[in-house]
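User: Please go through this model with me as questions and answers. I would like the cut-offs stated along the way.

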Amino acid sequence: MKWKMAENSLFAVLLRSPWWVSFLVAAAVFGAMRYFLPAMYAVAGALPFAVIGFVAGWKQFRAPSAKKIAASLDALRQTSWEAFARALETGCRREGYQVKRIEGAADFALERAARMTLVAAKRWKASRTGVEPLKELVELGQKRGAGECWYLCAGEMTEHARRFARDKAVKVIEGAELARLASQN
């Protein structure tokens, strides 16, 4: 069973924040606890925040630079649909999904642990994405009983489209995540 942290929990927020924020929180917790408790207990109370700081630092150290992400996205924009689709299939299989190409509002049906995910990827090169392709994807997802819908985007999305995706729980894959998923490594 894979354990998942709540998206807005304190530790999840700290993992997404710069590494030093966790160490700052650890120092504050230590200081506050030390005022009332012996040092040993204060260290124990601050330890989880320090561990989160190390994990966040490790992730941030290993993350590709903005320059490398931009270069990867530029390279993706230059590829043909067929090459991009093959790269996505490979990336999704690497993530543990069974991949099947489909026609319509979605281009792929992914399956893992008896859960279906529909992926719309053909418009990845669009310079600006509106809400219509997202509506079509959500409608198809409801018809097929998909547990999740992903929309891949290398360009911009309108604010209305982003709001719609957020409201309908469509995962928008862009930037570093798109570059990682479609990479051949």
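User: Which strands supply at least two residues each to the lining of the second largest pocket?
Analyst: This is a predicted model, in which local features need pLDDT of at least 70, side-chain atom pairs count only at pLDDT 80 or more, and totals for chains, interfaces and linings use all residues. Residues are numbered from 1 along each chain as its sequence is written, and side-chain values use heavy atoms, with hydrogens and water left out. Strands (E, at least two residues) are DSSP runs numbered from the N terminus. Those that each give at least two residues to this lining are β5 (148–152) and β7 (170–173).

User: What is the volume of the second largest pocket?
Analyst: A pocket is an open set of points on a 1 Å grid over the protein atoms alone, where a 1.4 Å probe fits, with protein on both sides within 12 Å along at least five of seven lines. Grid points are joined across faces, edges and corners, and the volume is the space filled by probe spheres set on the points. For the second largest pocket the volume is about 210 Å³.

User: How many nonpolar, polar and charged residues are in the lining of the second largest pocket?
Analyst: Lining residues have an atom within 4 Å of a point, and here they are Arg115, Val138, Ala146, Gly147, Glu148, Cys149, Lys168, Ala169, Val170 and Lys171. Ala, Val, Leu, Ile, Met, Phe, Trp, Tyr, Cys and Pro count as nonpolar, Asp, Glu, Lys and Arg as charged, and the others, Gly among them, as polar. By class, the lining has 5 nonpolar, 1 polar and 4 charged residues.

User: How many disulfides does a search of the whole structure find?
Analyst: A disulfide is a pair of cysteine sulfur atoms within 2.5 Å. The search finds 0 disulfides. Cys92 is in none, and the nearest cysteine sulfur, that of Cys149, is away by 14 Å.

User: Is Cys149 buried or exposed?
Analyst: Buried means under 20% relative accessible area, exposed over 50%, and partly exposed in between (1.4 Å probe, protein chains only). Cys92, at 5% relative accessibility, counts as buried. The relative accessible area of Cys149 is 9%, so Cys149 is buried.

User: In which sense do β3 and β5 pair, parallel or antiparallel?
Analyst: Strands of a sheet pair through backbone hydrogen bonds. Thr117 has Glu148 in β5 as its bridge partner, and Val119 has Trp150. Strand β3 (residues 115–120) and β5 have 4 bridges, and the sense is parallel.

User: Which residue in β3 is the bridge partner of Arg112?
Analyst: Strand β2 (residues 108–112) pairs with β3 in the antiparallel sense over 5 bridges. Their hairpin has 2 residues between the strands. The partner of Arg112 is Arg115.

User: What is the phi of Ala114?
Analyst: Most residues other than glycine have a negative phi. Ala113, in the loop between β2 and β3, has a positive phi near 55 degrees, and Ala113 is exposed at a relative accessible area of 75%. Ala114 is in the loop between β2 and β3 and counts as exposed at 77% relative accessibility. Although Ala114 is not a glycine, its phi is positive, about 60 degrees.

Note on methods. Pairing = 2+ DSSP bridges.
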